[in-house]
Number of protein chains: 2
Amino acid sequence: MIREVGLRDGLQSIQTILPTERKKEWIRAAYDAGLRELEVGSFVPARLLPQLADTAEIVAFARTFPGLFVSVLVPNLRGAEDAIASGADLMIVPLSASHAHSLANLRKTPDEVVADVGRIRAARDAAGSKTVIEGGVGTAFGCTIQGEVKIAEVLRLMQALFDAGADRVCLADTVGYADPLMVLDLFERARAVAGDKLWCGHFHDTRGLGLANVFAALQTGVTRFDACLTGIGGCPHAPGASGNVASEDLAYMLESMGIQTGVDIPALLTLREKLAAWLAGEIMHGTLWKAGLPRTFEPTQVTAAAREATWNTK
Amino acid sequence: MIREVGLRDGLQSIQTILPTERKKEWIRAAYDAGLRELEVGSFVPARLLPQLADTAEIVAFARTFPGLFVSVLVPNLRGAEDAIASGADLMIVPLSASHAHSLANLRKTPDEVVADVGRIRAARDAAGSKTVIEGGVGTAFGCTIQGEVKIAEVLRLMQALFDAGADRVCLADTVGYADPLMVLDLFERARAVAGDKLWCGHFHDTRGLGLANVFAALQTGVTRFDACLTGIGGCPHAPGASGNVASEDLAYMLESMGIQTGVDIPALLTLREKLAAWLAGEIMHGTLWKAGLPRTFEPTQVTAAAREATWNTK
């Protein structure tokens, strides 16, 4: 249900360079708190994102945890080759539905990224690898550079990603422009095209609507969401964008509604406290940690079988 | 759509005593920003809430603005008599559905408050006053003292308020225990009992779900919400409760969804800036002000007739 993306989306957006050993501690604690899908890094040149230069080592470490689904971001074929070699379970290829954002962020048009996905699929298959390919369609609700992004263009690119060989897609409100009615509209249309291959919603809380948007997406049948402990994260090429939905708040909302996440929220809040210390000086978000859980809160009962079903990501 | 309650719910929960002239400036700026319903104070003894000791003067001032609907809170018959004398358009009588919270907060059982409402109705009618009586059912989703509050009890008390003479009710998540599914459930049932007399939802953002809960309530047909600029506010007798939904974020969500609020959001953000300065040192909330409006944001078109319809609160 919750893919924790803090080790990638969070860390790439802040100044602090978290030491590799801290990242490992983060992964271990997240695993112990019940999270079973983590985006742990990005295979990009270290000069561009020194924060993520240790991605190969982190993937290898994460792979030692039984049942942990390990995701990475890859911006191109070169990164995908590294991801395949690393044995990551999933690689996310980011695409911006906004042409202007795509050129600014990736120096490619959206259709050039689609072509990349074709090459990545060929490389994956040639290697006999099982690494899942997920297309991440960003700026799906609008863009700080271009402004409006048309729904038809989002749907066209989503289909193009499938045609090129993507196994799944994720729709992302990269800059926090979505509102719940926009989410209902786009996610319903996208589900009509992609069915369960519309795998995940990625919402930013830039203007406070992150969890309302998650609730809207849930109503369309999407049940998986990216989130980031302490709500850090954003996009360096989208001015004003800041803050993924906070994992701890998302877990609370889902569990409060009786939707099983497998997450031990008090353990997650303990990890949040550690992160807040490690990342001292960075702007952090999230709300639950200030008030704690309600007296009436009852986590869903997690059985081993239920957890397996929840985290059946393959 | 939005009842700004900062001058009452907000100010009663913080340390700062805002001078009367500042409150007047707040009212003027809120009016200029398009807000047409304000809860401006509370008729309680000044020794209990010195922050609100100038309520009579503030009501008189607020009444000079054409079309502004002026609300106050009254804890008992004595307060209601003051409210009637002040000429306020509406008086909210708070009731806690949680027996324990009611005793701690009001030193009365919920049914004793219902009896008060009967006396208040008699006094209102005897005075030939048109002041609307709204029952505010607090802790409707649970309570920090008592824990669970049963839906049946909330519905029973709501009906009892009507039977005693209340014109409307508001349901309040005083301590931030609601989640969107709870809201859908309770508000649907309450609408079945009360129809359009279920006037308003009052959500706290204590655990980050405030706007998601508003979106859920909207789906049940409720279209009016309490909110507070900068998201201050809470309940001194509900430990851990803090922060109404921020008016500026709520206005943004509604307008973004094409729901007309009549509010000029940039003007509201300017007022927010002033408040942040006046209340420096207090903990404030809200998200929109950090990022500003999206490039793609288009406020709904407000005509004079539409505004009148939107604010047809009588």
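Predicted model: local features only at pLDDT ≥ 70, side-chain atom pairs only at ≥ 80, totals over all residues.
Residues are numbered from 1 along each chain as its sequence is written, chains are lettered from A in the order in which they are written, and side-chain values use heavy atoms, with hydrogens and water left out.

B:Thr109 counts as buried because its relative accessibility is 19%, the cut-off being under 20% relative accessible area with a 1.4 Å probe, protein chains only. Leaving aside residues up to four places away in sequence, I found that B:Thr109 touches B:His99, B:Ser102 and B:Leu103, contact meaning heavy atoms within 4.5 Å.

I then turned to the interface, where 38 residues of chain B are in contact with 38 residues of chain A. The two chains bury about 2900 Å² between them, 64% of it on carbon and sulfur atoms; this is the accessible area (1.4 Å probe) lost on being put together, summed over both. In chain B, the residues losing the most area to chain A are B:Arg207, B:Phe215 and B:Arg295, together 21% of what that side buries.

I found zero salt bridges between chain B and chain A, taking a salt bridge as a side-chain nitrogen of Lys or Arg within 4 Å of a carboxyl oxygen of Asp or Glu.

Methods
Buried < 20%, exposed > 50% of the residue type's maximum accessible area, 1.4 Å probe, protein only.
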